[in-house]
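Student: I have a new structure open and would like to learn how to read it. Please take me through it one feature at a time.

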Amino acid sequence: MIAQIEKQDHKTIEQYLELELNSQERHEYIDGEIVIMTGGTPNHNQIALNLSGGLNFALKRQPYRVFVTDQRLWIPQKQIYTYPDVMIIPGELQFQEGRKDSLMNPTLIAEVLSKSTEGYDRGDKFQAYRTIPTFQEYLLIDQYHHHVEQFTKTDNGKWLLSEYEGETATLSLASVAFEISLADIYDKVDFTLIEQQ
């Protein structure tokens, strides 16, 4: 999704949650700042659906849950509420204390990059995600051509980058047993739409 900052006074978490409860739009909360999430492109949505659908099917009857787009994540160390494009939660769902709508324990997060959010997804957002103790793997998926970056956390806390390029490449996840070709991630994606954006 695409984020646009609304210029307004600092808001409390309680004010944000009240706004979110009564709003037809989704918003992120970044340490007191409210950020409206505008609609994604058809390509963005198709990519997120292709990945989440493949994961959901492959992980059925296993102790993992796959969430896409509308599931809110709470990052307490950074005071951020956000909506990742795709998340995998292992085992029991951990909710923010006192809430049943804000999760806290993803092992994998995937973001589909857009021109307006790419810098944030690579920088501050990735830094915030790394404060989550259960977080082990991060995917950045380009929506403009066949390209995926995979960051995996090692046993000694380092993050390793692997890149996948071209529709014949196959992405292998580290946090769960799952492989998917880039051709399947980008199935039905129309790259000619890029010129119209």
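**Reading the features**

Student: Is F126 buried or exposed?
Tutor: The general idea is a cut-off on relative accessible area: buried is under 20%, exposed is over 50%, and partly exposed is in between, using a 1.4 Å probe and protein chains only. Here F126 comes out at 6%, so it counts as buried. Keep in mind that this is a predicted model, in which local features need pLDDT of at least 70, side-chain atom pairs count only at pLDDT 80 or more, and totals for chains, interfaces and linings use all residues. Residues are numbered from 1 along each chain as its sequence is written, and side-chain values use heavy atoms, leaving out hydrogens and water.

Student: What does F126 form an aromatic pair with?
Tutor: In general, a pair of aromatic rings is described by the distance of the centres and the angle of the planes. Rings of Phe, Tyr and Trp (its six-membered ring) pair if their centres lie within 6.5 Å; planes under 30 degrees apart are stacked, over 60 edge-to-face, and the rest tilted. The whole structure has 14 such pairs. F126 pairs with F151: the centres are 5.0 Å apart, with 50° between the planes, which is tilted. F126 is in helix α4 (residues 124–129) and F151 in strand β11 (residues 147–153), so the pair ties together parts 25 residues apart in sequence. Helices here are DSSP runs of H or I with at least four residues, strands are runs of E with at least two, and both are numbered from the N terminus.

Student: Which other ring goes with F151?
Tutor: F151 is itself buried, at 14%. Its ring and that of Y138 have centres 6.5 Å apart and planes at 35°, so this pair is tilted. Y138 lies in strand β10 and F151 in β11, so parts 13 residues apart in sequence are tied together. Y138 is at 0% and counts as buried. Zoom out, and F126, Y129, F135, Y138, F151 and W159 form one aromatic cluster.

Student: Which charged end sits over the ring of F126?
Tutor: The rule is that NZ of Lys or CZ of Arg must be within 6 Å of the ring centre and within 35 degrees of the ring normal. R130 does this over F126, 4.5 Å from the ring centre. Likewise, K115 sits over the ring of Y144, at 3.8 Å.

Student: How many residues does the largest nonpolar core have?
Tutor: In soluble globular proteins, nonpolar side chains tend to be buried together. A nonpolar core is a set of buried Ala, Val, Leu, Ile, Met, Phe, Trp, Tyr and Cys residues joined through side-chain atoms within 4.5 Å. The largest one here has 25 residues, and L51, L55, I141, L171 and I185 have the most contacts inside it. Elements supplying at least two residues each include α2 (42–58) and β9 (108–113). α2 gives the most, with four. A separate core of 17 residues includes L73 and F135.

Student: What do the buried residues of α2 pack against?
Tutor: They pack against β4 (64–68), β7, β9, β10, β14 (179–181) and α5, where contact means heavy atoms within 4.5 Å. Among the buried residues of α2 are N43, H44 and L55.

Student: Where is R61?
Tutor: R61 is in the loop between α2 and β4. It has a positive phi of about 60° although it is not a glycine, and at 77% it is exposed.
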